[in-house]
Amino acid sequence: MSIDDNPSNNILALRNLTVDFGGVRAVNNLSLSLKSGEMVALIGPNGAGKTTVFNLITNAIKPTSGEILLNGKSILGVSPDKICQMGISRTFQNIRLFPQMTAYENVELGLHSIPRYSLAEAFYRTPRARQIEKNTRAKALELLEIVNLKEHAHARASSLPYGLQRRLEIARAMATSPQLLLLDEPAAGMNEDECNDLIELIRHIHNTMKYTIIVIEHHMAVVMDLCRGSRIYVLALGSLLATGNPEQIQNNQEVIKAYLGERKNVRETTAP
Amino acid sequence: MELFFQQLISGISIGAIYALLAVGYALVYSVYNFTNWAFDAFMAFGAFMAFMAISSLMMPFWLAMIFSIVLTVVLSVGSEKLAYRPLRQRKAPRLFMMISAMGVNLAIVNLINKFFGGTFRKFPIQSAQPFFVGGVSIGRMDLLAGLISFIVLAMLWAFLYRTKWGLGIRASAIDIQTASLMGINNDGVAMIIFIITGVLSSIAGVFYGIKYAVFPTMGIVTIKAMIASIVGGLGSLPAAIVGSMILGILETLVSGYISSSYRDLFSFMFLIIILLFFPNGLMGKSGDEKL
Amino acid sequence: MSYFIAITILSGINIIAAIGVAILTGYTGLFSIGHAGFMALGGYLSAILVKEYNVPFVVALLAGGTFAGLCSFIIGYPAFRSKLRGDYFAIATLGFSEAIRLILNNTKTLGTIKIGGAFGYMNIPNHSNVFVVLVAVILALFFAHMFVTSQYGKNCIAIGQDEVAAEMMGVNLLRTKLLALFVSAFYAGVAGGLLGFYFAYLSPSFFTLTKSSDLLAAVVFGGIQSIIGPVITAFVLVAVPELLRALAEWRLILYGFLFVVVMIFRPQGLLGYVEMNLNFARNLWSKIRNKPVGEVKG
């Protein structure tokens, strides 16, 4: 649980990050750091503060104290859209697609959130603007191809089944050309087959795009698989409970207690 | 100096009226998180019902008040059931509920306009002799307005903080889903809140009508009350009252010392400026969306 | 004949203003009931420029629109920068519009120019004929279509559907909302100018909450995220009451009632999400012809 000794390699560093909501301390003195290209997981029981960490990183909420450093520079107080442009992109726990836009329009938004041509060109649609739009459209379809959604390109996002929506969100997040990708429960609601596909997808984009990825997940199988050879951070009640590779975490008594602490009591009270 | 106190008293009485409106607005807002645009219409409706009761039905003042309150409550609860509840149950986006409320407002205000006409009417009661205290005249109606507002707000406070139903409402204001999981009847809460809204807006309408005039678009002052409660800090009833009193006094002073035709203009501009620089009110907290 | 010309002109003016509201409310999701104020700003400025300073008519119209657009920043910038909630923004637009109306009502002269206060600004040159208005409507439609299908327009739409997600994907909320507001105020301002040049007279009483509600109605009934929907509705809302005089008194009552009904039964409006493009035209044509047709990509 110590900060990496060589900060210049760190793409992301959280130092003593704390946030209070009224009387509740949602995140408590959290410190962690990631090197470029790593893929790590953030796990913990419900209410542990995992999504809050993502919200802090993207400045959806302000920390009460602490530091967030992207490539060594503080990003506290930077507006979320600027943070996205600096290279951090995310998906959402509760899926936030643009419901009435088609799948490809959703992805395209990530490509043109800063428009690629001037306003005047927009009103007169110059040949240059038209070409830019064509290129953007092609790139969007490419991204859909990567997540295997090309045949749904023209379907309304809200009409897609849940599992496909999750993949679409990933494609959209990729469209912003991030360095750091934050995936919030990408496997939620998926069955075993879908999980396996997802694991493959995430591994594929990690290898080809060289993103740094943080995954929040409850599906232990997904976590253990993705983080083979990498780290898992365990959060409980806002504090960092443990860090380690999958084996270490699986055998960590504290972690087991945090997740399964209740079971022992139940057995005791229902014992004949 | 006497002029100042005169204006002050007058300002307090109009502030009291605004307070009734602001509290009604804050109540709906804190529980349902939306702006009840139809408030406008309820106020005008209340005033017109009382007006009609006195001038056409020859009722004495107190009976007319009750008549007006009852009818406005029916209107308020009715519009909740027909125009808001279906959307609320569907968890419709706020924009839709606002448009629906605007619709109720449009329909009712223009119905009043159609049936009563747009002329400014003087409320048909005898203007009794005002009281004189140390050279400052205090209108009887101003006094009554202040008194009744005070009593009504005190009763409301007692209801919210001393009864079970009040507790239910306060719980719903914090988190409506949890409240319903705890066994609080959402529809019952809705009905009570809109009953209260009806009472507050009709009383405010009657006293505003007495103080100024009765006309179909008189409800536009609810905008001022809304902003006053926002300025005070939404979700806080005491703040709504404080905001309204300040507004009432300030605008009356402007009206008295500068010009009455600039009164509304001053209020709007003052409120907009505050709203823009204190978007969560002077005392309020923002409602962050859950990500 | 002149009766139908009057309807064409008035509905044309209404269409242009309604397109403005459609861009702000229908696409970007920002509820405004203050567009009458922008119409007033544009209208009065254009009229003054032409009547007092002999500025060419078209230039004056554009100046009026630009003026309204710039004034929109007065409430837009603080409101969007502090992320003012939707309904407070609506209240602010209403307050702003009312403030403008009250100022105009109480201002008899601007320096040496007599704008007449509540009596109105008179003897404005009558430049709005059918031809002018039709050209204006066509241009308005063209540029609106260009805007909403551009990357700028799509960013506005994203804000309208989920502004939190839009911001997280890199859309600058402040700049994009200000852009939508400017464009919509510009349209309203031009419409206001055309109105003044048609009646040869402007009065603050033209620009009340009723006017703003009329414009909102066009968007609510016509459809969210659509240009064609509000356009058709804006036309109908002007043409029909004129043709059915008897209904005129009940007009607003009916609107109010319909707002509620539409929100409950068909919140996306008549032609919500339907856009004027090749697909729409093709589908319509095929429905008329009763033949199936393939989909055009993009």
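**Exercise 1.** Determine which strands of chain A helix α1 lies across, and at what angle it runs to β2(A).

*Solution.* Helix α1 (residues 50-57) of chain A lies across β1, β2 and β4 of chain A. Its direction is at about 65° to β2(A); axes are lines fitted to C-alpha atoms, for helices over the stretch in contact, and angles run from 0 to 180 degrees between N-to-C directions. Contact requires C-beta atoms, placed from the backbone, within 7 Å. Helices (H or I, at least four residues) and strands (E, at least two) are DSSP runs, numbered from the N terminus.

The model is predicted: local features need pLDDT of at least 70, side-chain atom pairs count only at pLDDT 80 or more, and totals for chains, interfaces and linings use all residues. Residues are numbered from 1 along each chain as its sequence is written, while chains are lettered from A and ligands numbered from 1 in the order in which they are written.

**Exercise 2.** State the strand order of the open four-stranded sheet in chain A.

*Solution.* The order is β2-β1-β4-β5, with antiparallel pairing; strands pair if DSSP finds at least two bridges between them. Strands β2 (24-35) and β5 (73-74) of chain A each have a single partner and stand at the edges, so one side of each lacks a neighbour in the sheet. Five bridges join β1 (residues 10-21) and β4 (residues 65-70) of chain A. Leu14(A) has Ile68(A) in β4(A) as its bridge partner.

**Exercise 3.** Identify the residue with a positive phi just after α8(C).

*Solution.* Gly223(C) takes a positive phi of about 135° there.

Definitions and conventions: Two residues are in contact if their C-beta atoms, placed from the backbone, lie within 7 Å.
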